[in-house]
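Colleague: Hi! Could you walk me through this one while I have it open on my screen?
Modeller: Happy to, just ask as we go.

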Amino acid sequence: MRKSSLEKCIVDHLDKRVAVNHPLYLLNKFSKTPVIQNLNKQDSITFEMFESYLNLQGRKKRKLFNPKYFASNDASAPFFLEFISEEATTVESSKKTTRKKEKKFSIGSLYDDAQQTVFSFLDEKTLSMLSATNSLFHTKTKQLKHWRSKLVASGCQKNVLLQVAVTGAIRNYKNLYHAFMKVWYGYRIQMKESWELMCLSGDVSAIQYAVQHEQLTKDTKNKFGDNALLLAALSGSAAQMRFAYETVGIDAHSENDAGVNALLNAAFSGNIEAIDFAYRALKLDPANKAKDKANVYHYAALSGNISALKHVIKIFKNIKLTDTSELGETLLHFAARSGSVPMMQFVMDDLGFDPRELDCSGENFLYYAIRSGDTAAFKYALKKLKKADPTFNPMTFVSKEKENILHTAFISKNLNMIRCVASELKKSSHDKPSEFQALANSINEKGMNALHIATNDGDVAAMHYAVEELKINPGVLTREKSNILHLAAISGNPAAVTYAVELNKLYKLDLSLEQTNRFGRNAFYFADKSLSPEVMKNSLIDSFKSDNERTFSMY
């Protein structure tokens, strides 16, 4: 992190009454050491520098901190300010609490034990249910410690999350995670402003902080045209929406670049209170649609909340249930995209939608269930489709773009889904390896196979699975004669480039930085088209260095 960020944290959080052995006091002392004082405002301060300082202070100072953290994978990450804050809270609470020696059980230890054991086997949906019914788990599962790794794995920028964490403005990170997951992945990884996360959190204190300290105004928008009101609506917080509208002064009828207004985002959140606020307080017309012609019913179905869909159907009676989006997507397609089995069941059984209906691309709701990433949704959709159409064969069915369900599984960027779909396809092939292998190597309309899709998305785990489990040849080119290095370069993920170069060596593909596709474009051209051009260019150059060159460059 930058020296200026460290100083800001100290100013914002250091209390003059802090004890000598308090973690924040030690951080302040650390910032005044000659090494740190001589740095420029923009110079970086690493976790290792702080750790070295603690070692010089002796074992007593070091004991104030959790030793497991120093040995963890996060030790080199820029999250040590968050760590300091957490440890400070722990120290403060421990001062006020005296425990008897004979007391061997505590509620706190129960949670910590559960987090190390039970929690590791639970998915987000189960954790949400658990936290909703138990006050202890509800309190604990709101903390950043519990959601940080999930947020980062879902595309949240670490440095942005750090900026938010040190402010202490967000109180419920569970809400932030669920709202963040509603944002398309390509947008998530480009959210680089702390106010965006603050407004997605649903916390009024967070949006207040953004106004006071982050220069958030009624005219502030991200690169996709979203303002604070639209993000607050997506969070499902009517209170935060009210603050954005009444205090910040944002236009109630504002829309983002996709034509989505606060009512549509509120419906997407699945929160009835937010929907009612957008309709009754903001006076938004329920007949308004996004640019892709998706309406408020579609967005409510996308939320996965049956109550929200029932509510909008009840109060907005002039909208037709049979309306489709510009792409021909029905209400059932949107329900499947939510990944909610109850929502799909409701739309089919109660609203009478046919599971065999196709969109303009020739895709049924099974494709949408796969893209949701929920394996239970996929299995349910496949079962219902086979029941409705006994002739349906997942091995042979393809969309108009010649995409089969395995291609779609790789598009989901979910390794569990990929494995689940592959398993079902193997069953459908009746133990005929050649049929399944032919499907695994098949290409879509763009001439891309499953490995190409994974590489283009920078999904390294899926790349490994495609090569090692599905036995897809990494030397196969796309229809445009692009190789896996070209695709990795445009993905924006340096790890994808590293793995592509490993495959180049392992399979003797003879790839080079100068090789071009049929249009004369090399890896550097594709790196320029990525979200992080300079990072990707450096990654390409570094990956092709010899081991000796790479070692020499470290000194």
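**Helix packing and a few single residues**

Modeller: Let's start with a helix pair: the axes of helix 19 and helix 20 cross at roughly 165° and come within 8 Å. With angles over 145 degrees counted as roughly antiparallel, helix 19 is therefore roughly antiparallel to helix 20. Do keep in mind that this is a predicted model.

Colleague: Thanks. Is the crossing of helix 19 and helix 20 left-handed or right-handed?
Modeller: Helix 19 passes helix 20 in a left-handed crossing.

Colleague: And which residues of helix 19 and helix 20 meet there?
Modeller: From helix 19 you have A262, L263, A266, A267 and S269, and they meet A274, I275, A278 and Y279 in helix 20. Sorted by class, this contact of helix 19 with helix 20 has 8 nonpolar residues, 1 polar and no charged.

Colleague: Staying with helix 20, which of its residues are buried?
Modeller: In helix 20, which spans residues 272-281, the buried ones are A274, I275, F277 and A278. They cover an arc of only 160° around the axis, so they sit on the same side of helix 20.

Colleague: What do those buried residues of helix 20 pack against?
Modeller: Helix 18 (238-247), helix 19 and helix 22 (306-315).

Colleague: Back to helix 19, then. How does it pack with helix 21?
Modeller: Helix 19 (residues 262-269) and helix 21 (residues 296-303) have axes 6 Å apart, at an angle of about 30°. Angles under 35 degrees count as roughly parallel, so helix 19 and helix 21 are roughly parallel to each other. Their crossing is right-handed.

Colleague: Who makes the contact between helix 19 and helix 21, and what classes are the residues?
Modeller: On helix 19 the contact uses L263, L264, A267, F268 and S269, and on helix 21 it uses V296, Y299, A300, L302 and S303. Those residues divide into 8 nonpolar, 2 polar and no charged.

Colleague: You mentioned helix 18. What angle does it make with helix 16?
Modeller: Helix 16 (residues 204-213) and helix 18 cross at roughly 25°, and their axes come within 9 Å. That makes helix 16 roughly parallel to helix 18. The crossing of the two is right-handed.

Colleague: Which residues of helix 16 and helix 18 meet?
Modeller: V204, I207, Q208 and V211 in helix 16 meet A239, Q240, F243 and A244 in helix 18.

Colleague: Let's zoom out. How many helices and strands are in the chain?
Modeller: The chain has 36 helices and 0 strands. Of its 555 residues, 48% are buried.

Colleague: What share of the contacts join residues at least 24 apart in sequence?
Modeller: It's 68%, taken among contacts between residues at least 6 apart in sequence.

Colleague: Now helix 35. Which residues are buried there?
Modeller: Helix 35 covers residues 533-543, and M536, S539, L540 and S543 are its buried residues. Looking down the axis of helix 35, they fall within an arc of 100°, so they line one face of the helix.

Colleague: Why would residues a few places apart end up pointing the same way?
Modeller: An α-helix has 3.6 residues a turn, so residues three or four places apart point the same way.

Colleague: Nice. Change of topic: where is S412, and is it buried or exposed?
Modeller: S412 is in the loop between helix 27 (405-411) and helix 28 (415-428). Its relative accessible area is 14%, so S412 is buried. Leaving out residues up to four places away in sequence, S412 touches I370, R371 and M417.

Colleague: Which residues other than glycine have a positive phi?
Modeller: Among them are K293, with phi near 70°, and K402, with phi near 60°. K293 lies in the loop between helix 20 and helix 21, while K402 lies in the loop between helix 26 (375-388) and helix 27. K293 counts as partly exposed at 41% relative accessibility, and K402 counts as partly exposed at 49%.

Colleague: Last one: what about E7?
Modeller: E7 is in helix 1 (residues 3-13), and it is partly exposed, with a relative accessible area of 27%. E7 and S31 are 24 residues apart in sequence and 7.6 Å apart in space, C-alpha to C-alpha.

Terms used: Residues are numbered from 1 along each chain as its sequence is written. This is a predicted model: local features need pLDDT of at least 70, side-chain atom pairs count only at pLDDT 80 or more; totals for chains, interfaces and linings use all residues. Side-chain values use heavy atoms; hydrogens and water are left out. Axes are lines fitted to C-alpha atoms, for helices over the stretch in contact, and angles run from 0 to 180 degrees between N-to-C directions. Helices (H or I, at least four residues) and strands (E, at least two) are DSSP runs, numbered from the N terminus. Angles under 35 degrees count as roughly parallel, over 145 as roughly antiparallel, 65 to 115 as roughly perpendicular and the rest as oblique. A crossing is left-handed if the near helix is turned anticlockwise from the far one by less than a right angle, and right-handed if clockwise. Contact means heavy atoms within 4.5 Å. Ala, Val, Leu, Ile, Met, Phe, Trp, Tyr, Cys and Pro count as nonpolar, Asp, Glu, Lys and Arg as charged, and the others, Gly among them, as polar. Buried means under 20% relative accessible area, exposed over 50%, partly exposed in between (1.4 Å probe, protein chains only). The arc is that of the directions from the helix axis to the C-beta atoms.
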